[in-house]
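Open the model in your viewer and keep the selection tool ready. We will go stop by stop.

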Amino acid sequence: SALIGAFPYPSYTVVENQLETGYAFPAFTLLGSSVIRLPFIQRSSLPHEVLHSWWGNSVEVDYERGNWCEGLTTYLADRAFQIEDGQGPTYRRKTLQGFQDFVSAEHDFPVRRFVSKNDQGSQAVGYGKVMMIFGMLENHLGSEVFFRALSRFYRDYRFRMASFADLQGAFEQEAAHSLEAFFGPWLDQTGAPSVTLDDA
């Protein structure tokens with residue numbers, strides 16, 4: 001709430017589900033019986049589902065123009081807890097490894113075409129790659145501008161549908177310059193950078 005804006009609902013309920021799910025809905029989430037009993041649930045999948053109260057349920061996703069909310073939620077919840085636990089580098093490495101392992105050239109697609117995960121490859125793009133994009137964006141802009149932009153985005157699009165372009169617009173307003181050179185390649189091109197080390 002302090003970083004983004006006030007919680008959008010008067011209450012929140014965690015509901016045990018017979019199916020092994022992790023689904024977020026406005027004001028409640030459905031978690032499977034085996035998941036809900038895990039001792040680390042409050043630092044793993046539950047924060048991700050709670051954060052969907054802001055991203056996905058309050059600010060709705062314009063799926064025809066790409067799903068930005070899974071990567072953003074992963075960045076602000078899953079990754080954040082890993083960093084708090086001293087596992088940030090390991091988590092990022094596993095994310096990059098997942099992209100390398102499950103996204104072949106013939107099955108790769110631009111981020112803007114991600115709608116929902118249906119296999120490990122689509123998850124590596126829509127959750128993992130988008131999470132890394134937000135990490136680069138925060139590094140580029142600085143945390144203060146980054147979270148001001150997210151707060152603006154939430155304020156402007158609360159209970160409305162929003163796209164990657166709308167998200168980009170919020171960041172550009174707070175950064176006070178165009179970010180097309182950043183967003184364009186990352187959202188519209190496939191693949192990832194290839195890094196080599198020469199004469200080390």
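Select β2 and β3: they form a hairpin with two residues between them. Click A27 in the turn, where phi is positive, about 75°. This is a predicted model, in which local features need pLDDT of at least 70, side-chain atom pairs count only at pLDDT 80 or more, and totals for chains, interfaces and linings use all residues. Residues are numbered from 1 along each chain as its sequence is written, and side-chain values use heavy atoms, leaving out hydrogens and water.

Strands (E, at least two residues) and helices (H or I, at least four) are DSSP runs numbered from the N terminus. Strands pair if DSSP finds at least two bridges between them. β2 (residues 22-25) runs antiparallel to β3, joined by four bridges. Find A24; its partner in β3 is T29.

N17 has G32 as its bridge partner. Is β3 enclosed or open? Four of the five residues of β3 (residues 28-32) are buried, so the strand is largely enclosed by the rest of the structure. Buried means under 20% relative accessible area, exposed over 50%, partly exposed in between (1.4 Å probe, protein chains only).

Next, select α7 (residues 164-175). Nine of its twelve residues are buried, including F164, L167 and F171. The buried residues pack against α5, α6, β5 and α8, where contact means heavy atoms within 4.5 Å.

Last stop: S122 in α5 (residues 120-141). S122 is buried, at 5% relative accessible area.

Methods. The expected span of a helix is 1.5 Å times one less than its number of residues.
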